[in-house]
2 protein chains.
Amino acid sequence: MINKLSRMLCLASVALLGACASSGYNMPSALRGTGDLGVIIERASGSVQIVDSSQLTSIASVPGLGDLSHASLVYSRDGRYAYVFGRDGGLTKVDLLKGAIALRVMQAGNSIGGAISQDGRFVAAQNYTPGGVKIFKADTLELVADIPAAYGSEGKFSKVVGLADAPGNRFVWSLFDAGEIWTADVSDIKTPRVEKFKNIGREPYDGLITPDGRYYMAGLFGEDGMALLDMWHPEKGVRRILDGYGKGSEKLPVYKMPHLRGWAVAGRFAYVPAIGRHEVLVMDTESWKEVARVKVAGQPVFVIARPDGRQIWVNFAFPDNGQVQVIDVETRNVIKHLQPGKAVLHMEFTPRGEAVWISARDDNRVVVYDTSNFAVRKELPAQAPSGIFFTHRAARIGF
Amino acid sequence: MINKLSRMLCLASVALLGACASSGYNMPSALRGTGDLGVIIERASGSVQIVDSSQLTSIASVPGLGDLSHASLVYSRDGRYAYVFGRDGGLTKVDLLKGAIALRVMQAGNSIGGAISQDGRFVAAQNYTPGGVKIFKADTLELVADIPAAYGSEGKFSKVVGLADAPGNRFVWSLFDAGEIWTADVSDIKTPRVEKFKNIGREPYDGLITPDGRYYMAGLFGEDGMALLDMWHPEKGVRRILDGYGKGSEKLPVYKMPHLRGWAVAGRFAYVPAIGRHEVLVMDTESWKEVARVKVAGQPVFVIARPDGRQIWVNFAFPDNGQVQVIDVETRNVIKHLQPGKAVLHMEFTPRGEAVWISARDDNRVVVYDTSNFAVRKELPAQAPSGIFFTHRAARIGF
């Protein structure tokens, strides 16, 4: 009898909750999986949109995230929360299921992104001011480690760039001003084990880790070439690769620094944006030597492989930033030239690559393409959209 | 006023729901992400356990799935539902958030697994009896395509094995009795475009697709060697690889057929269970030739790479099925020998590889190891556990 009554009450509660959800009151949304959710950064308004990549719809808009120019994010291990790193040093934990901010801290004066540890327990932010890395508990955002990027003998702190996660619960990052690469093992968060690699080259401006988490590469702005660290063999130190890759050509003005984190590794080849040139470089990841160049429509910014590695999609710096080109990996030819809109800032593939979402900031829209036939499947309105991030990143190394 | 009232009702409903959940009545669980969920098949009892790989806990047990010997499953695009393929032809859609069966159909007399299309819209089951592939809508389990494995001129139907998904919304599978490989493009589900490759070798017994979805390989039981199809170039047909890989050695009795779907691709090398031998073969995926063999403790069944490709974990057929060995990819040496329990049937890595879950059927437990130091992190009770599957599979090609 009591059982029957409790059952009726439960059913009534469910019915009421349904009504609550549709009334617009900010209640927990209906039960749903998080595997096909994503977040679009709306940089001008300091808000994010939560989207559904199955239904191609926007689910919620969350305001109040501060300065989101150059913002990026990582996902919690369960795919429910996005940790958004704002340019103003704000770190915001957004609940995708409730469409609301769960937690928010101001953790620095000027920040440029972050990463989440392999086991999902720690979120790390890379900061320009004060230069260093701060590490937070993923559940509470409590500060648990502070690793200032001190260098030289004059008490200076370097801007930190290129922060990535690596297997073994490690983080790896570069010091722009110092020309160093640091790694930290956070298995015991009370005493992170930090290792420093000095004299790796001038002005590392960004970095990435290969999809298997083995090789960390930092691009150098201060000289031609890149710095490579084999994370399986840190004892071997950092080596220089692609040395002098701009040699013999006249320097072009650089309109926008390329993003290395988007670099594409397809099969054994990595596709790398050339700095200042209208070219994508193809590098053999066994010899770490350049094997080819592909001429493209402008200075590449993001060079991203479709998840199956058969296509490379490229967007460009001003004044060519209304275009996107697609390179066929087998022939290394440009096979498609698209014009998604004004000021294309980012591209994000769905997990298995059947579609790609592209943000066109100055047209205030996100365009979804079918990658098999380049048809537009959908256009979604967004306020000055920049980065787009799907939740499957939670399950990938280096995302 | 109405607003205030509805707000109070909503809050009351939430409170009631909380009580319902803790009372054990099968209500929707609390809001949660699905990215760290998984399912353990309990083969003897026809039930599955739903587990949380962050908390290392069991969340729910779902009975009523029929004969689960040799059962496998795939996940919906959103990670909420598991499609469990039972040996008795039952196809069950399990709701991980509610801990309950959402839908169930008997779709064949004898079935051996399945796959989900790249876009997540279609679930395909491979059947022994009647021999063929049936395709269902993922949301409703409505049958939308039936592709009998007819072969020869006598009206026979072949057992189907090695079904996998491939980019371009394709499926690919092998016909055991016919010695054929078929592919189907289901972009237009009303008229699936089926292509047949004949005379690919005798008795293909299982197949797998490489992580990038390009190469499909079928193992041949009726002869030494494997059949390889380049899905980027079906017009080139199927070629034979590893021809005569057992040549020159005496045949051993085969206690259990290895599972090919677990094959490991680490960097450019694939690690392949030898049939009947106490060896793991190492194959170069550029030349498709054998380059090394690793001696192991028994006849390998699953040979699986840690997600970062640095270790290969191997379990074995009877009488060596209480053991697991770990191969270091760089040195190709066995670096660890574990004894998780009696009758080890499956191993599943967490998405970024910090842990592995191993089922020990005859000890009725699942053991979770830390892959960095091989420490046991947890043991969970389970009734005759076999396959373990985490939801990140939804985002991967060929899983």
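Okay, which way do strand β16 and β17 of chain A pair, and over how many bridges? The pairing is antiparallel, with 5 bridges between β16(A), residues 180-185, and β17(A). One bridge to look at there: A:Ile181 has A:Phe197 of β17(A) as its partner. Before I go on, please keep in mind that this is a predicted model.

So let's zoom out from that pair. β16 and β17 belong to an open sheet of 4 strands in chain A, with the order β14-β15-β16-β17 and antiparallel pairing. At the edges you find β14 (160-166) and β17 (193-197), and each has a single partner strand, so one side of each is left without a neighbour in the sheet. On average, neighbouring strands in this sheet are turned by 20° against each other, if you ignore direction.

Now the chain as a whole. DSSP gives chain A 34 strands and 1 helix. There are 399 residues in chain A, and 61% of them count as buried. If you take the contacts in chain A with a separation of 6 or more, 42% come from residues 24 or more positions apart. As for the surface, the accessible area of chain A is about 15,200 Å², and carbon and sulfur atoms hold 51% of that.

How many of the residues of strand β6 (residues 90-95) are buried? It's 6 of 6, so to speak a mostly covered strand. Look at the side chains: A:Gly90, A:Thr92 and A:Val94 point one way, A:Leu91, A:Lys93 and A:Asp95 point the other way, and all are buried.

What does β6(A) pair with? On one hand there's β5(A), residues 81-85, which runs antiparallel to β6(A) and is joined to it by 5 bridges. Within that pairing, A:Val84 has A:Thr92 as its bridge partner. The hairpin of β5(A) and β6(A) has 4 residues between the strands, and A:Gly89 takes a positive phi near 90°.

Then there's β7(A), residues 100-106, also antiparallel to β6(A), this time with 6 bridges. Here A:Asp95 stands opposite A:Ala100. β6(A) and β7(A) form a hairpin too, with 4 residues between them, and A:Gly99 in the turn has a positive phi of about 65°. So that's a glycine with positive phi in the β5-β6 hairpin, and another in the turn from β6 to β7.

Over to chain B. There we have an open sheet of 4 strands with the order β30-β31-β32-β33, and the pairing is antiparallel. Its edge strands are β30 (344-349) and β33 (376-381), each pairing on one side only. Neighbouring strands are turned by 20° against each other on average, again ignoring direction. If you want a close-up, β30(B) and β31(B), residues 355-360, run antiparallel and are joined by 5 bridges. B:His346 is bridged to B:Ser359 of β31(B).

The largest cavity has a volume of about 340 Å³, and 28 residues line it. Nearest its centre are A:Gly35 and A:His392 from chain A, together with B:Thr391, B:His392 and B:Ala395 from chain B.

Methods:
Residues numbered from 1 in each chain as written. Chains lettered and ligands numbered in written order. Predicted model: local features only at pLDDT ≥ 70, side-chain atom pairs only at ≥ 80, totals over all residues. Heavy atoms only, no water. Helix = DSSP H or I, 4+ residues; strand = E, 2+ residues; numbered from the N terminus. Buried < 20%, exposed > 50% of the residue type's maximum accessible area, 1.4 Å probe, protein only. Contact = heavy atoms within 4.5 Å. Areas by Shrake-Rupley, 256 points an atom, 1.4 Å probe, with all protein chains shown as cover. Pairing = 2+ DSSP bridges. Axes fitted to C-alpha atoms, helices over the stretch in contact; angles between N-to-C directions. 1 Å grid on protein atoms, 1.4 Å probe; cavity = no way out; pocket = protein on both sides within 12 Å on 5 of 7 lines; lining within 4 Å. Points joined across faces, edges and corners; volume = space filled by probe spheres on them.
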